[in-house]
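Please look through the sequence and the model together before reading on. The paragraphs below move along the chain and then turn to contacts between its parts.

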Amino acid sequence: MNMGKTIRANRLRCNLTQEQLAQKLNVTAQAVSRWESEQGCPDIALLPELSAVFGVTIDELFERSQEQHLDRIEAMLEREAMLPRADFDYAMARAQEGAHSARYRGRCLTLLADLCMHRSRGYASLAEDYARQALEEEPEKKDNHSLLAAALGGGLWDWCATNHTRAINYYKRFTKEHPGYAPGFMWLLDSLIKDGRLTEAGEALAGMRAALGEDYHTPLYEGWIAFAAGKRDEADRIWKRMVEEYPENWFAWSMRADAYAKQARYDEAIACYREAIARQAPPRYTDNEDSIAQICEIRGDTDGAIEAYERVVEILREDWGITEGETVEGYLQNIAQLKAGDSQKRT
């Protein structure tokens, strides 16, 4: 029996309406309805009270398979920007337990890494808020600026703090052990090029080509190696050739757009993002519209940014069925903030 059916069965056994159960738990009747229709789950903090209302133990009320627990954890990560401590502890405990099972080990280890990164991003967001407040109090304090830069992922010239040697060493070992897995070479190439280790990047590119064969990734990385070597015109020619050779591949257009955006060549970037959008088939990704929105914000084009963010929300709802949670709420907040700022300018 799934959780929604369990709640409904116990509610009916106790002769309670959805409204009466909601009142006892201090939630809305709509929340109870979502639980029973499996469109949501009760907050973990409600479990003791819910079990008390029904006169059963928590285990009796919410006994689930390992698969159901993992599904719930993945949904929590998708929905929440920062998991409450109780939810985080529950998720970590379940994933750690599942990691001992041969059947679920891979999935649970991925979840454990995702949970830690999710919490890290949540704390980074808190750090950003506190650092901004600290700068309002002490605007010339270096530590506050350093903390804000770290929280925002800002650029630093300090090579010691920003080089990618650890990632490079890992992926060098990884690609030796898994030479047929092309994405491993891509992760290696990304870090090598960022660190200017272009001779090694050329060697990694050869490994990627051997594993993958010829596709748009080859000219993509050839262009970035040329760009990092200061040969910008050559890089442009290579990326132009990339979309000519793979004209219907939206990834190729999107990657060319990224290259322009990273050079602040925004008109060319937006044009290529639009070419990528035109070539996508459902379910569409939101990255291209998101990038256009960010460029519009940089340029002060509020209307353009709002339109692009609205298209992102539309894609999430129509193509992925995501109508609530952290992902959608973040974009809706962006739209609201842009509209509020635009309204203030006009008044």
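In which loop does asparagine 15 lie? Asparagine 15 is found in the loop between helix H1 (3–13) and helix H2 (18–25), where helices are DSSP runs of H or I with at least four residues, strands are runs of E with at least two, and both are numbered from the N terminus. The model is a predicted one, in which local features need pLDDT of at least 70 and side-chain atom pairs count only at pLDDT 80 or more, while totals for chains, interfaces and linings use all residues. Residues are numbered from 1 along each chain as its sequence is written, and side-chain values use heavy atoms, with hydrogens and water left out.

The backbone of asparagine 15 has a phi near 60 degrees, a positive value in a residue other than glycine. With a relative accessibility of 67%, asparagine 15 counts as exposed; here buried means under 20% relative accessible area, exposed over 50%, and partly exposed in between, for a 1.4 Å probe and protein chains only. Asparagine 26, in the loop between H2 and helix H3 (29–36), also has a positive phi, of about 60 degrees, although it is not a glycine, and at 72% relative accessibility asparagine 26 counts as exposed.

Glycine 55 follows H4 and has a positive phi, near 70 degrees.

Helix H6 (residues 66–79) has 14 residues and reaches 20 Å from its first C-alpha to its last, close to the 20 Å expected at 1.5 Å a residue, the expected span being 1.5 Å times one less than the number of residues. In H6, the residues Gln66, His69, Leu70, Arg72, Ile73, Met76 and Leu77 are buried. Seen down the axis of H6, the buried residues fall within an arc of 160 degrees, so they line one face of the helix.

Helix H12 (182–194), helix H14 (217–228) and helix H16 (250–261) each supply at least two residues of the lining, and the largest share, 7 residues, comes from H12. The lining divides into 13 nonpolar, 1 polar and 5 charged residues, with Ala, Val, Leu, Ile, Met, Phe, Trp, Tyr, Cys and Pro counted as nonpolar, Asp, Glu, Lys and Arg as charged, and the others, Gly among them, as polar.

The structure holds 23 salt bridges, each a side-chain nitrogen of Lys or Arg within 4 Å of a carboxyl oxygen of Asp or Glu. One of them joins arginine 265 and aspartate 236, whose closest N and O atoms are 3.0 Å apart. Arginine 265 lies in the loop between H16 and helix H17 (266–279) and aspartate 236 in helix H15 (residues 232–245), so the pair ties together parts that are 29 residues apart in sequence. Arginine 265 counts as partly exposed at 23% relative accessibility, whereas aspartate 236 counts as buried at 19%.

Aspartate 267 forms a salt bridge with arginine 299, the closest N and O atoms being 2.8 Å apart. Because aspartate 267 lies in helix H17 and arginine 299 in helix H18 (residues 287–299), this pair ties together parts that are 32 residues apart in sequence. Aspartate 267 is exposed, with a relative accessible area of 56%, and arginine 299 is partly exposed at 43% relative accessibility.

Within helix H17 itself, glutamate 275 and arginine 279 lie 4 residues apart, about one turn of the helix, and form a salt bridge in which the closest N and O atoms are 2.5 Å apart. Glutamate 275 is partly exposed, with a relative accessible area of 31%, and arginine 279 is partly exposed at 24%. Elsewhere, Arg209, Glu214, Glu222, Arg241 and Glu245 are linked in a network of salt bridges.

In the loop between H17 and H18 we find proline 283, which is joined to proline 282 by a cis peptide bond with omega about -5 degrees.

Technical notes. Arc of directions from axis to C-beta.
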